[in-house]
Number of protein chains: 2
Amino acid sequence: MDKARLGALCFYRVLNENMARDNFANDRRATITDVAREAGTGKTSISRYLNGETGVLSTQLRERIEEAIAKLDYRPNQMARGLKRGRNRLVGMLVADLTNPYTVEVLQGVEAACHAYGYMPLICHAANEVDLERRYLQLLSTYRVEGVIVNALGVKEETLETLARGGVPVVLVDRSVEGLVTDMVGLDNAEAIRMAIHHLVSQGFDELLFVVQPYAQVSSRRVREAAFRDTIGALGISGVSDVSGATIVLDLDNDENLAEIDARIDAAQRRSRRIALFAANAPVALRVALHLKELHGADWQRRVALMSIDDSEWAELAGMTTVRQPTYTIGERAVEFLHERIEGAVVAPRECLLPGELIVRTSTSAPTNNGNT
Amino acid sequence: MDKARLGALCFYRVLNENMARDNFANDRRATITDVAREAGTGKTSISRYLNGETGVLSTQLRERIEEAIAKLDYRPNQMARGLKRGRNRLVGMLVADLTNPYTVEVLQGVEAACHAYGYMPLICHAANEVDLERRYLQLLSTYRVEGVIVNALGVKEETLETLARGGVPVVLVDRSVEGLVTDMVGLDNAEAIRMAIHHLVSQGFDELLFVVQPYAQVSSRRVREAAFRDTIGALGISGVSDVSGATIVLDLDNDENLAEIDARIDAAQRRSRRIALFAANAPVALRVALHLKELHGADWQRRVALMSIDDSEWAELAGMTTVRQPTYTIGERAVEFLHERIEGAVVAPRECLLPGELIVRTSTSAPTNNGNT
DNA sequence: CTGTTAGCGCCTTCAT
DNA sequence: ATGAAGGCGCTAACAG
């Protein structure tokens with residue numbers, strides 16, 4: 001390390017001279033004052049020009065201003081602008097886990113919409129760490145963002161409430177936060193689960209295993225799990241079929257219950273029941289798939305049917321049936337909500353649940369594939 | 001839409017009253033002046049406290065300040081700070097494609113390092129659109145970021161040069177930009193390719209097909225392609241083996257040359273040669289895998305060997321051999337470079353090429369698997 | 001140890 | 001139609 005630095009230092013002289021030459025008049029970015037001087041006018045006119053108050057400036061002045069700006073390569077300082085106006089067009093986007101494709105997809109919608117409305121999204125990645133999440137939230141408030149879109153991880157209602165009370169609109173994505181009433185947009189989980197289960201049943205599966213990460217803290221997981229049980233229950237009640245279902249909690253950090261899954265599969269198949277695993281999201285699906293592959297070899301799919309919520313990129317490759325979330329739209333809608341509130345709309349908190357789309361692939365389609373061995 | 005809005009408006013009254021009550025004294029964030037008044041002192045002392053100039057403040061004053069800050073829930077305005085100090089701790093991170101897992105992984109390294117150095121990364125996602133990329137670059141300069149990390153897409157040397165000349169350090173990631181000499185960090189592509197090819201050859205493959213996206217504009221692709229040809233050539237020259245290799249350009253937007261791949265595979269297998277496909281990155285690998293699966297069915301891997309650069313999450317599931325990039329480190333290193341320059345280091349531009357790691361999986365391991373049918 | 005003063009770059013009355 | 005002056009929230013000399 002020291003040596004490398006030493007080596008680098010050898011070039012010090014030369015580079016320094018080059019830089020000195022190049023940056024002579026250019027090291028400091030031009031300010032509005034510079035432009036005013038260059039154009040031979042006052043700062044006010046420049047400001048007016050920048051803010052598009054056209055028609056209030058004589059044609060010649062405008063031309064001179066344009067020249068000056070071009071010559072100095074001037075760009076107004078957003079920070080200073082924000083300081084004065086009280087709005088800096090920054091919105092925070094706090095995501096729990098960029099590693100989850102869901103997040104990235106939502107992000108694309110958010111970005112597009114932000115652009116359309118003229119916002120600059122400040123993306124913060126909590127990387128599944130609650131501490132980081134809180135820190136970022138504070139940081140965002142420190143940068144005086146005009147609004148925040150939160151894909152909550154473990155924030156307490158209180159932390160967000162502080163923000164909201166400070167007059168900063170908050171829109172929740174995918175997950176709601178207990179005790180906090182704000183706009184929220186996400187998947188219509190109940191309906192998605194219902195749709196998926198009906199598909200499975202119609203394909204002849206009569207034993208369903210729902211695999212989900214620890215769900216106490218995460219509303220969407222909670223809702224999905226509840227919907228799973230409800231739907232299974234309703235099936236029984238309505239006598240449509242005698243499908244049985246159970247939930248398995250899988251912690252991706254310790255894989256504790258993977259064996260439990262195997263046991264269930266074995267038991268079911270011994271009783272000649274056709275069993276299907278239903279993963280509550282993409283990360284779970286991947287973990288389960290990897291495990292099954294390890295256990296049963298490359299053609300594990302012939303033994304076990306797997307479907308999941310979230311249509312990840314490898315779903316097609318694995319031929320896995322999924323429910324695709326309207327991720328892009330979710331992101332867009334979140335920004336729309338945020339925008340309305342930033343613009344001062346005072347309306348009751350809204351909950352926007354968008355429908356998922358069932359994507360049927362081979363994993364759940366051919367009844368002959370999934371008998372017991 | 002209109003109806004929904006109308007419905008929402010019904011709540012207007014109630015909500016408004018609530019808000020009026022809650023926000024009475026709280027709607028505007030407290031400023032340093034408020035704190036000073038509350039603590040019965042001057043702004044300077046507050047400022048000193050904020051900047052950790054401890055030991056210069058009497059214990060009692062410090063206590064009063066702490067109380068005031070807590071009571072008012074005061075948070076210094078970063079914008080104002082930045083305006084005054086000339087540094088706002090913002091660094092830009094411009095990525096070409098968040099959809100590519102590579103990008104996300106690098107990002108994690110960047111975020112971690114930024115945190116360590118006290119920077120706030122402003123993540124901009126160009127979504128593979130050159131226009132967006134340029135716009136974001138301007139935006140970043142407008143927000144007066146102290147440095148930029150660029151995973152270049154199509155930026156002209158000129159655009160970045162303008163930034164750099166404005167005194168904003170630039171660090172390139174993965175791809176270099178023609179005509180621009182700056183710090184750059186990425187994979188040691190040549191060595192990675194060499195390593196991969198030697199692996200393939202040692203496994204008995206004697207015909208290699210390198211599949212890469214159009215590479216004229218992207219330096220890393222260019223380097224990989226060249227390294228592929230060079231290495232193949234060197235093999236021939238040194239008489240180590242009679243391995244033949246060819247490059248196929250695959251545009252993921254139109255899939256034009258997929259058929260070409262099939263033709264090559266057929267031809268090779270007709271001549272009883274053992275062929276392996278080598279994808280230049282994860283997106284290409286996925287596209288090729290999907291195509292092969294469509295063509296040859298679920299057990300396409302028995303017919304064709306596929307490996308790639310980039311160790312995506314589904315690689316394990318598919319049992320595909322890969323070269324994993326040291327993505328996290330790349331991100332960290334990029335920030336380190338940036339930090340040094342921001343701190344004023346004047347050293348010759350550096351190029352940091354990190355080694356990849358060969359991850360051998362079944363796709364290229366069992367010689368018996370990949371004969372012709 | 002502490003307060004006063006003068007800006008940072010920009011926008012916004014308010015005159016002219 | 002244009003410009004001068006004051007201030008946004010904060011820091012950095014200078015005094016005391």
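How many residues surround DNA strand D, and which are the closest? In this predicted model, where local features need pLDDT of at least 70, side-chain atom pairs count only at pLDDT 80 or more and totals for chains, interfaces and linings use all residues, side-chain values use heavy atoms, with hydrogens and water left out. Residues are numbered from 1 along each chain as its sequence is written, while chains are lettered from A and ligands numbered from 1 in the order in which they are written.

DNA strand D is surrounded by 26 residues, the closest being Thr41(A), Ile32(B), Lys43(B), Tyr74(B) and Arg81(B), where a residue is near a strand if one of its heavy atoms lies within 4 Å of it. Sugar or phosphate supplies 55% of the atoms of DNA strand D within 4 Å of the protein, and bases supply the rest. H6(B) gives the largest share of the surface near DNA strand D, four residues (helices are DSSP runs of H or I, at least four residues, numbered from the N terminus).

Around DNA strand C there are 25 residues, with Ile32(A), Arg81(A), Thr41(B), Thr44(B) and Lys84(B) coming nearest. Here a polar side-chain atom of Arg81(A) lies 2.5 Å from a phosphate oxygen, and one of Thr44(B) lies 2.6 Å from a base oxygen. To the surface near DNA strand C, H6(A) gives the most, with four residues.

Key:
A polar contact is a pair of N or O atoms within 3.5 Å; within protein, one must be able to donate a hydrogen and the other to accept it, and residues adjacent in sequence count only if both atoms are side-chain atoms. Helices (H or I, at least four residues) and strands (E, at least two) are DSSP runs, numbered from the N terminus.
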